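Hi,

Here is the structure I promised to pass on. Have a look at it first, and my notes follow below.

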Amino acid sequence: MISKSFKKSLWIFHVNSGSCNGCDIEIVAALTPRYDVERFGIKLVGSPRHADVMALTGPITSDMEDKVKRVYEQMPDPKVVLVVGSCGISGGVFHESYHLAGPVNKVLPDATCVYVPGCPPRPEAIIDGVVKAWKFLESAGGGE
Amino acid sequence: MTGELFFKVVMGTIGMAIFAILLGLSFKGIDRKIAAHMQSRVGPPLRQPFWDVGKLLIKDSVVPKNAVSWLFNFAPVICLASSITLLLYIPIAGYGPLLQGHGDLILILYLLTIPALSMVAGGFASGSPYATVGAQREMVTMMSYEFPLAVAAISIAWKMSDAFKGDVFTLSFISSHPIWNNVGLLGIIGLLFLLLAVVIILPAELSKIPFDVAEAETEIAGGLLVEYSGRNLALFYLADGVKTFALSSLVVAIFFPYNISQFFALGSIPAFIIDFLFFLLKVSLVMLFAVTLVRVGVARLRITQVVSTYWIAVTLMALLGLVLLMWDSQILTIRWW
């Protein structure tokens with residue numbers, strides 16, 4: 001029952017932590033009639049309190065480090081971070097920049113992350129990442 | 001007698017709560033499916049709202065540190081409870097309401113404000129600036145639509161009192177004497193204006209686009225609901241579904257109280273089933289025209305535009321309906337010869 005509910009209904013809060021807007025546009029593309037993620041019960045919400053998944057785009061800049069941490073802490077458990085794009089994995093094209101607080105696993109070391117590589121990843125890949133994210137939610141929700 | 005009434009009310013309320021929640025969520029599913037099809041999407045399955053509620057119930061329910069926690073937790077319960085209470089006074093499928101003889105149209109006008117007021121209380125108790133802005137916007141919206149709504153309700157009750165003797169203010173009386181049958185041409189035009197005014201008020205009562213300034217996700221991050229999560233958010237979600245169903249059935253009870261079972265020679269149980277299905281059809285049509293089509297078709301208004309829409313356009317429409325209904329009675333009673 002627990003796993004089934006997450007499988008059928010997953011609410012996503014989108015955080016842009018210094019992305020070039022490429023991944024954000026791909027996330028929007030996943031909402032359009034062509035890919036229509038709402039048919040899987042996936043919905044973008046306006047507040048981290050409502051969210052199960054934080055979709056994080058971009059390398060985390062030093063300005064955004066604190067905000068990303070706070071948004072992550074504001075989300076109710078169980079929760080998962082969906083890292084969209086290569087930037088969140090390694091820094092991507094920005095990897096040597098002076099203003100990076102580092103990739104996601106450095107800023108949020110305790111978070112369960114699902115990585116979707118690509119620059120930018122295709123909407124299919126993002127949907128696939130969400131599918132993997134709800135498996136983590138299953139284990140997180142079932143464990144408690 | 002009081003023991004029996006008590007038993008009836010308690011059991012009826014529990015039954016009505018289950019019935020209302022199931023129907024409210026189903027209507028929410030239909031609404032989302034139709035909205036998706038209008039945007040040429042496949043859309044979520046009809047059971048989607050049930051999955052959403054199930055998921056919200058197993059999520060953590062966070063109470064922010066600077067929130068007034070008792071009010072923060074109390075507001076969603078009151079919102080759902082008052083939405084269900086509303087249904088106890090509304091006739092369903094041509095049958096009298098559960099609390100028949102205990103309240104009338106005026107009571108319903110007051111009950112309608114309680115879900116919105118509890119959301120306002122919850123918003124102020126959240127301790128978030130977004131929720132405070134949302135709560136203020138919700139109050140402003142309430143102040144702007146209450147007057148035209150009251151005008152519409154009073155005109156209909158006045159017209160009924162003009163035509164009949166009896167408990168003209170009770171909804172069971174209004175729904176058993178369809179108002180369209182008792183007016184002339186001017187009255188029908190007036191009633192159409194009133195119906196239009198009420199249909200424009202519905203999205204604001206339900207916080208739906210274009211009047212969802214209080215919950216505007218893209219501007220104030222969910223407004224009133226911004227700090228709510230888990231169980232409390234699920235209660236608001238349920239209350240939204242129940243409120244949609246209750247308000248649509250209120251419009252049906254006032255404006256479209258017709259049944260179709262008398263056209264078939266049927267026993268009492270098949271007649272009830274047919275009337276009930278026809279009632280659900282009427283409610284979903286009201287919801288389709290008042291909520292779904294509107295929310296897909298137009299964009300969100302600004303709060304100032306909401307106020308001017310209701311205070312100028314909709315109020316004028318309702319007053320015009322009132323005047324036409326009044327002329328209707330007087331022109332019929334004037335001796336022209």
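Glu38(A) counts as buried, at 14% relative accessibility (buried is under 20% relative accessible area, exposed over 50%, partly exposed in between, using a 1.4 Å probe and protein chains only). Bear in mind that this is a predicted model, where local features need pLDDT of at least 70 and side-chain atom pairs count only at pLDDT 80 or more, while totals for chains, interfaces and linings use all residues. Residues are numbered from 1 along each chain as its sequence is written, chains are lettered from A and ligands numbered from 1 in the order in which they are written, and side-chain values use heavy atoms, with hydrogens and water left out.

Back to Glu38(A). Its partner in a salt bridge is Arg32(B), with the closest N and O atoms 2.9 Å apart (a salt bridge is a side-chain nitrogen of Lys or Arg within 4 Å of a carboxyl oxygen of Asp or Glu). Glu38(A) lies in the loop between α2 (22-31) and β2 (42-44) of chain A and Arg32(B) is in helix α1 (residues 2-38) of chain B, so this pair joins two chains. Helices (H or I, at least four residues) and strands (E, at least two) are DSSP runs, numbered from the N terminus. Arg32(B) is buried too, at 9% relative accessibility.

Arg32(B) also has a salt bridge with Asp52(B), 3.0 Å from N to O. Asp52(B) is in helix α2 of chain B and Arg32(B) in helix α1 of chain B, so that pair ties together parts 20 residues apart in sequence. Asp52(B) counts as buried at 0% relative accessibility.

Another pair in chain B is Asp240(B) with Lys208(B), where the closest N and O atoms are 3.5 Å apart. Asp240(B) sits in helix α9 of chain B and Lys208(B) in the loop between α7 (185-205) and α8 (217-220), 32 residues apart. Both Asp240(B) and Lys208(B) are buried. Salt bridges with shared partners also join Asp36(A), Glu38(A), Arg32(B), Arg41(B) and Asp52(B) into one network. Over all chains, the search of the whole structure finds 13 salt bridges.

Now the interface. Chain B puts 28 residues in contact with 25 residues of chain A (contact means heavy atoms within 4.5 Å). The area buried between the two chains is about 2300 Å², and carbon and sulfur atoms give 57% of that; buried area is the accessible area (1.4 Å probe) that two parts lose on being put together, summed over both. On the chain B side, Trp51(B), Lys55(B) and Lys59(B) lose the most area to chain A, together 28% of what that side buries.

The rule finds 6 salt bridges across this interface. Lys55(B) and Asp52(A) meet in a salt bridge through their side chains, 2.8 Å from N to O. In chain B, α2 (48-58) and α9 (230-255) each supply at least two residues of the side that touches chain A. The largest share of that side, 7 residues, comes from α2(B).

What about the nonpolar interior? A nonpolar core here is a set of buried Ala, Val, Leu, Ile, Met, Phe, Trp, Tyr and Cys residues joined through side-chain atoms within 4.5 Å. The largest one has 114 residues, and those with the most contacts inside it include Met54(A), Leu108(A), Ile156(B) and Phe245(B). Its largest share, 17 residues, comes from α9(B). A cis peptide bond joins Cys119(A) and Pro120(A), with omega about -10°, and Pro120(A) is in the loop between β7 (113-116) and α6 (123-143). Asn21(A) is not a glycine, yet has a positive phi of about 85°; Asn21(A) is partly exposed, with a relative accessible area of 40%. Asp36(A) has a positive phi as well, near 40°, and is buried at 1% relative accessibility.
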